Amino acid sequence: MGEKVEYFINGAGIISPQKTFDSNVFLTDVAQYDKNVLTCITPDFKAYINPIQMRRLSRMLRIGLSAATICLRDSKVFMPDGIVTATGYGFLDETAKFLGEVLKQNEKQLTPTYFMQSTSNALAGLVALTIKCMGYNNTFASKGYAFENALTDVMMQLNENASANFLVGAYDEAAEVQYKASMRVEHFKKECINNLSLFETPTKGSIQGEGSAFFMLTRKQSVSTWCGLLDMHVVYKPEGNELNDALKTFLSKNHIQPKDIDLIVSGASGDIDHDAILDSVIQSSLHTTFQTRFKHLSGEYCTATAFALWLGASMLKNQTVPEVVKVKKTQLPERLKNILVLNHYMGKSFTFILLTGLD
Amino acid sequence: MKQQTIDELIVELREELIKQLNLEDTLPEGFDENTPLFGEGLGLDSIDSLELVVLLDRNYGIKLKDPKEGRHVFQSIRTMAEYIAKNRPQV
């Protein structure tokens with residue numbers, strides 16, 4: 001084994017339903033929710049956004065801009081070469097407000113702010129305007145693969161320009177309009193549960209989450225580097241043994257044997273139907289590997305892969321595995337080296353990401 | 001319906017501006033009806049000017065069509081109040 005590290009995560013910032021904005025603590029004080037919608041624990045935004053700018057920003061834009069700022073400060077790269085964001089459903093609350101106003105005002109006399117804040121690329125534009133970044137700016141709004149598409153875009157950009165730094169991030173909000181629609185199609189549990197008992201509730205549906213995470217991706221290792229990103233692969237609606245075969249091919253392509261993986265970050269969502277395929281792949285190919293889960297902390301949302309990436313990168317950076325994410329405990333090596341993120345969204349969109357720690 | 005005086009309009013506009021433009025936390029000290037709305041003063045920007053155009057239309061039935069006119073009208077809360085008093089449709 002031992003594939004050359006192609007990309008490095010040189011900084012990260014995340015705001016989630018846990019107190020993750022503070023990089024000095026790593027999931028030690030776990031937030032519990034006695035409802036099926038997990039919303040972000042937010043910092044004092046004034047630490048990241050100037051008050052004049054903040055007055056017009058919606059809650060999610062404040063969260064996104066703050067997460068991006070945390071990442072920029074952490075990476076010490078204050079002017080990236082490009083900014084790429086991802087979102088499954090965009091700013092749903094603002095979209096609902098804008099459409100509500102369209103109806104109320106009979107399509108006349110519409111104020112610009114709701115409209116500006118309802119477009120999916122508002123966050124990428126806001127970050128660029130704030131730091132005056134005139135470089136590449138792109139947003140992917142592709143549901144369960146939005147963040148994966150953004151990562152792919154950034155990797156391709158970095159292949160063209162090895163000295164570049166790209167800020168890549170994701171956001172999705174737990175909006176009321178989406179929750180109601182998702183309940184109709186049984187994406188979320190009917191019964192109200194405590195988030196920490198998500199995996200002890202063998203029923204259909206998950207719990208809704210939200211969050212925004214940003215990463216500084218480069219091809220150069222620096223003093224700020226958290227870990228290396230070896231590769232990523234996605235599989236859509238796998239049938240039969242397709243997912244298992246795809247995982248074997250993915251690992252083999254990266255010259256990694258299942259025994260070389262120290263830990264799995266599983267994107268199991270607590271949905272008895274949707275988790276079945278992922279669980280069977282883990283059982284089949286990685287049954288002796290240390291396993292962690294995270295959706296009881298973040299909830300389920302389109303770009304939850306970004307939370308998984310942050311969790312994996314944090315464990316490599318800190319060389320610790322928080323108690324609250326441990327599921328299956330096997331012997332861990334003295335030093336964590338290879339982490340495999342295995343996420344799924346609604347049992348359809350599957351993602352593999354290979355991370356590696358640096359000596 | 002009783003026509004509002006300039007002073008009544010100033011009080012109403014001040015409240016409406018603070019609410020519409022989320023200015024609660026950013027009002028400068030000594031802010032009054034003569035404080036410039038743009039540049040130094042309140043520091044409003046071009047998006048705010050669009051919000052003000054909509055506010056005039058929605059609340060007072062005044063359509064501002066000439067951008068040059070806007071520069072004068074939106075100088076301060078007082079100039080806005082004077083413009084509204086002069087141009088609002090008679091009921």
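## Helix α3 of chain A

Helix α3 of chain A is followed by A:N106, whose phi is positive, near 55°. This is a predicted model, in which local features need pLDDT of at least 70, side-chain atom pairs count only at pLDDT 80 or more, and totals for chains, interfaces and linings use all residues. Residues are numbered from 1 along each chain as its sequence is written, while chains are lettered from A and ligands numbered from 1 in the order in which they are written. Helices (H or I, at least four residues) and strands (E, at least two) are DSSP runs, numbered from the N terminus.

Helix α3 of chain A covers residues 92–104, and its 13 residues should span 18 Å at 1.5 Å a residue; the end C-alpha atoms are 18 Å apart, which agrees. The expected span is 1.5 Å times one less than the number of residues. The buried residues of α3(A) are A:L92, A:D93, A:E94, A:T95 and A:F98. A residue is buried if 20 or more other C-beta atoms, placed from the backbone, lie within 10 Å of its own. These buried residues pack against α2 (59–75), α4 (112–118) and α7 (176–184) of chain A.

## Domains of chain A

Chain A is divided into domain 1 (7–218) and domain 2 (227–356), with bounds from an automatic or database domain assignment. The centres of the two domains, taken over C-alpha atoms, are separated by 22 Å.

In domain 1 of chain A, 45 residues are in contact with 39 residues of domain 2 of chain A; contact means that the C-beta atoms of two residues, placed from the backbone, lie within 7 Å. On the side of domain 1 that touches domain 2, two or more residues come from each of β1 (7–15), α6 (146–160), β4 (165–172) and β5 (211–218) of chain A. β1(A) gives the most to that side, with five residues.

## Chain B

Chain B has four helices and zero strands. Its radius of gyration, taken over C-alpha atoms, is 12 Å, close to the 12 Å that the globule rule gives for 91 residues, so chain B is as compact as a globular protein of that length. The rule is 2.2 Å times the number of residues to the power 0.38.

The C-alpha atoms of chain B fill a box of roughly 35 × 25 × 20 Å, taken along the principal axes. Of its 91 residues, 22% count as buried.

## Where the chains meet

Eight residues of chain A are in contact with 11 residues of chain B. α1 (51–54) and α4 of chain A each supply at least two residues of the side of chain A that touches chain B.

Key
Buried ≥ 20, exposed ≤ 12 C-beta atoms within 10 Å, placed from the backbone.
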